[in-house]
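Please consult the sequence and the coordinates alongside the points below.

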Amino acid sequence: MSKNFDTNIAKTLDQTTIRNVESVVPKKRQELLKWYGWGYEDSKFHIDDYSLFFSGSRYPIGNDVELPNFRDWMGQKFELSVLEKPKLPTTFPEPILNETFYNTIKDMKMDYSVDGEDRFIRCHGQTLHDIYNIRANKFKRIPDLILWPKCHDDVVKIVKLADENNVMLIPFGGGTSVSGSITCPQDEERSIVVIDTSQMNRLLWLDKENLVACFESGIIGQDLERTLKDEGLTMGHEPDSIEFSTLGGWIATRASGMKKNVYGNIEDIVIRVKMVTCKGVLERNISAPRVSCGPDFNQLILGSEGTLGIVTEVIVKVRPLPAVKKYGSLVFPNFEMGVSCLREIAKRRCQPASIRLMDNEQFHFGQSLKADNGLFSKFIDSLKMFLLSKVKGYDLMKISVATLLFEGDKEEVEKQEKLIYEIADRYSGLKAGETNGQKGYVLTYVIAYIRDLGLNHGIISESFETSVPWDKCLSLCINVKACIESECKKRGIIYYLVCYRVTQTYDAGACVYFYFGFRWDSDCSDPVGQYEEIENKARDEILASGGSISHHHGIGKIRAKWYKQSVSPIGVNLYKSAKLELDPKNIFGLNNLLTEEDQINFETLNSKL
């Protein structure tokens, strides 16, 4: 890098913005977050004497306001049973420590822990399989050592030391993975070290003239946005997990955010990534907005899921905070009309920051989460339903609802609203107000908590996503739901739920989320295994119906069987070649992306070296 280049960069940087960021999540994660499920410990659905509440004050739905409609809905759908609440284990597997590595770490004065509880809560992500097993304390293999590096140079030292001593490394950010990508390999015999990046959360520099910023990879989404907001800026990347997931995790999984229509997906936002590998630091040497210099190594890092190295620093685009943020909602006579409307909006390229369409089943589920606010509120809701069914002639058991989020200047938002509501009118879409739109986005953050409530009452549930071309969107939704219903009937499952929603729209297609849950019988010895069998059938149907294996959750371990089908055998070999070049000893041995059959035989390779 030339001296002139350094000088020019220095002129644009606002040195006053360089700062440490106090993370909302402490180093001892269990002091704030659940060890046995999703989110904050003080935020949860719970049932007391047949009354259902959501505790805590972090969400509008909270403060222990009674939710009788949700209680009744769950009772009708699943006939709830009550199971024993999970208890944190008091004993943990003994750590397997590589003495040379461990002693060197201590000499380096690196922050570390061999405490059983610290290791236990970092042995998994947030898949149903993980959460069920951790509640039952079924993990045979957990990390042996936790390290908290404070900067890029710390990571360089750790990776070099691990490579020299054949120690396995697992990068750990927010722990929100739903693909099994950070779950400890249960047959790993080497010492397993988790690199917790939570202390690498600084804003390293901010360039307001070019609207770019450099963050360390461990910063949590809500901390990143709060830091930029103080400067009147935003990155605009808001995945459903933004409260807990990290910038590095978004890179590793090729994440998508709910406002990608304005700000782009993570691959559109990232300019430059620094990743520490066993062969050195992989990084493009220029931060220009676009370059043509061979294959883009950023794309190799994006979606690598912790198998090639550890992301330490990221340069991203930022934008001024929008002057206006406004919600909206639409009601359609059915899901098909809603999909057609979203397709037309995408064709016209006038999507708001976010537009999401839920099917009838999910609409009624969302309605059940309304608090009981007295007789007047019930009267208003009844009046609205009367107008829809009697005046407009909509069948309440078929209607579909879209939630909207507009961001931008006042004139831009008004113009966009006008155009979108005009398009919706052609597809019999009725404006349903800002309040319903806002409540729809609140549901986005609390829906993950419902799985924990279900597990406490004998219900297995999970979500999974895909992307699909527009002409196959509706048929894919119908086919996958029919497939799941058929599989439930084959297994004698009586109480179950299948619903879906379109969450992202593109020129050529859309992202579709499915939600599936069922009540397991007391004589079922492996409810998670039963769930996974059904979901696997659903994923086969997704691919047969023209969908992708994943839109933004990644492959991990639970979708590895479809990776070759998705990228071709040559694509698998290309990934394996990158793995062999960057990590020839398999230090980053998470075993993601590849099936057991396709895994590289590192023992054989290393014996030949």
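In which sense do strand S4 (residues 145-147) and S6 pair, and over how many bridges? In this predicted model, S4 and S6 pair in the parallel sense, and three bridges connect them. The points below place this pairing within its sheet and then turn to a helix contact and a loop residue.

**The sheet**
- An open sheet is formed by four strands in the order S3-S4-S6-S5, with mixed pairing.
- Strand S3 (112-113) and S5 are the edge strands, each of which pairs on one side only.
- Phe 172 has Asp 196 of S6 opposite it.
- Helix H3 (residues 99-107) lies across S3, S4 and S6, and H3 runs at about 35° to S4.

**Burial of strand S5**
- Strand S5 (residues 168-172) is largely enclosed by the rest of the structure, because five of its five residues are buried.
- In a regular strand, side chains alternate between the two faces of the sheet.
- On one side of S5, Met 168, Ile 170 and Phe 172 are buried.

**Packing of H12 against H15**
- Helix H12 (residues 335-347) packs with helix H15 (residues 410-426) at an angle of about 140°, and their axes are 9 Å apart.
- H12 is therefore oblique to H15, since an angle has to be over 145 degrees to count as roughly antiparallel.
- The crossing of the two helices, H12 and H15, is right-handed.
- H12 contributes Cys 341, Glu 344 and Ile 345 to the contact, while H15 contributes Ile 420, Ile 423, Ala 424 and Arg 426.
- Of the residues in this contact between H12 and H15, five are nonpolar, two are charged and none is polar.

**Ser 287**
- Ser 287 is located in the loop that lies between strand S11 (280-282) and helix H11 (297-301).
- Ser 287 counts as partly exposed because its relative accessibility is 28%, which falls between the limits of under 20% for buried and over 50% for exposed.
- Not counting residues up to four places away in sequence, Ser 287 touches Ile 271, Arg 272 and Ile 315.
- Ser 287 and Arg 226 are separated by 61 residues in sequence and by 24 Å in space, C-alpha to C-alpha.

Key
Residues are numbered from 1 along each chain as its sequence is written. This is a predicted model: local features need pLDDT of at least 70, side-chain atom pairs count only at pLDDT 80 or more; totals for chains, interfaces and linings use all residues. Side-chain values use heavy atoms; hydrogens and water are left out. Axes are lines fitted to C-alpha atoms, for helices over the stretch in contact, and angles run from 0 to 180 degrees between N-to-C directions. Angles under 35 degrees count as roughly parallel, over 145 as roughly antiparallel, 65 to 115 as roughly perpendicular and the rest as oblique. A crossing is left-handed if the near helix is turned anticlockwise from the far one by less than a right angle, and right-handed if clockwise. Contact means heavy atoms within 4.5 Å. Ala, Val, Leu, Ile, Met, Phe, Trp, Tyr, Cys and Pro count as nonpolar, Asp, Glu, Lys and Arg as charged, and the others, Gly among them, as polar. Buried means under 20% relative accessible area, exposed over 50%, partly exposed in between (1.4 Å probe, protein chains only). Two strands pair if DSSP finds at least two bridges between them.
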